[in-house]
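Please look at the structure below and follow it with the text, part by part.

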Amino acid sequence: MLSVLIPVYNYDVTALVNELHRQLIEALVDFEIIVMEDGSTLCLEKNREVGQLSNCVYICLESNIGRSAIRNKLADTARYDHLLFLDCDAEVDNEFFIQKYLSFCHEDCVVIGGTAYDEKENNPSYSLRLKYGREREARSAKDRSKSRYKVFTTFNFLISKSIFKRIRFDESIRGYGYEDTVFAHSLVELGYEVLHIENPLIHKGLDENTVFLKKTENGLNNLYALFLTGHYPFLIHESKLLYSFLCLRRWKLDRMGAWAYKCLAPALRRNLLSATPSLRAFDIYKLLFLCHCSRK
């Protein structure tokens, strides 16, 4: 019936797995939960406990193989016809989380449940991640469905194994970010419908502002590198940021953007690392940073 697949990197996954296991047992269905450590060095002793639960498999990889490869490996290990991919830093706060997905496990499907954020979390150290998540990621199923694959995320989604085998994650994408965009594009290219439902998990593993900003920069470096390969021309239409950058380059303003980055980056960073960051400032920072990347 259902294989729940959880890639883990340096995170305590026991609470998530225990709740999923409880709901699956109560649902009286055939299932397995596969937890796979991707070169983790933290929480290993604690996480090994999940391997003692019935129908749970705990696998520890000694080296990190990357975001795409770990998901492909999990799918290859799975026994059942439907794969539920969940990020390890998620929390279930819905008694019917598993039941909602099980209703789709009788046919080929791609279903995205969504992402939510703890309303009580207001630590200023996470202000940028929280604001971005709450305003850009925590969207209703209706809003997500309007954008189709443009809001596809690997955080919380169900997919038939037969569909996954046709696409798989692109393991040539080694850097941080955009492997989900490429995967989603392949889904749409092959004519599969992506269904959005109201079944979110709470994103608990928040990055502090400095870490989130650095990850964003790494993602932008990866986006530009993918664009330069020429293998992903669709990124121009699926990334508003890349499209805006190419407009600047077409107008020969990318050099000015790189210069503006050097001048404005300190002030923009002060805003983004503050307790009240501006997402408009964040968008400007990302565009100027992309100009900066192109001039390296």
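**A strand and its neighbours**

Strand 6 (residues 110-112) pairs with strand 8 in the antiparallel sense, over three bridges. Two strands are said to pair here if DSSP finds at least two bridges between them. Helices (H or I, at least four residues) and strands (E, at least two) are DSSP runs, numbered from the N terminus. The model is a predicted one: local features need pLDDT of at least 70, side-chain atom pairs count only at pLDDT 80 or more, and totals for chains, interfaces and linings use all residues. Residues are numbered from 1 along each chain as its sequence is written, and side-chain values use heavy atoms, with hydrogens and water left out.

Is strand 8 buried or exposed? Five of the five residues of strand 8 (residues 156-160) are buried, so the strand is largely enclosed by the rest of the structure. Buried means under 20% relative accessible area, exposed means over 50%, and partly exposed lies in between (1.4 Å probe, protein chains only). In a regular strand the side chains alternate between the two faces of the sheet. Strand 8 is covered on both faces: N156, L158 and S160 are buried on one side, and F157 and I159 are buried on the other.

Strand 5 pairs with strand 10 (residues 201-203) in the antiparallel sense, over two bridges. In this pairing A90 stands opposite H203 of strand 10.

Next come the helices. Nine of the eleven residues of helix 8 (residues 179-189) are buried, so helix 8 is largely enclosed by the rest of the structure. Its buried residues are E179, D180, T181, V182, F183, A184, H185, L187 and V188. What covers them? The cover includes helix 3 (67-77), strand 6, strand 8, helix 7 (161-167) and helix 10 (235-238). After helix 8 comes G191, whose phi is positive, near 85°.

Helix 1 (residues 14-27) contains T14. With a relative accessibility of 9%, T14 counts as buried. Apart from its neighbours within four places in sequence, T14 is in contact (heavy atoms within 4.5 Å) with K46, N47, E49 and V50.

Some loop residues deserve a look for their backbone angles. Most residues other than glycine have a negative phi. L28, in the loop between helix 1 and strand 2 (31-38), has a positive phi, near 55°. L28 is exposed, with a relative accessible area of 76%. K252 sits in the loop between helix 11 (240-250) and helix 12 (254-272), and its phi is also positive, near 60°. At 71% relative accessibility, K252 counts as exposed.

Finally, consider the whole chain. The protein chain has 13 helices and ten strands, and 52% of its 296 residues count as buried. A compact globule of 296 residues would have a radius of gyration near 19 Å, and the protein chain has 20 Å, which agrees. This radius is taken over C-alpha atoms, and the globule rule is 2.2 Å times the number of residues to the power 0.38. Along its principal axes the C-alpha trace spans about 60 × 40 × 40 Å. Among contacts in the chain with a separation of 6 or more, 77% are between residues 24 or more positions apart.
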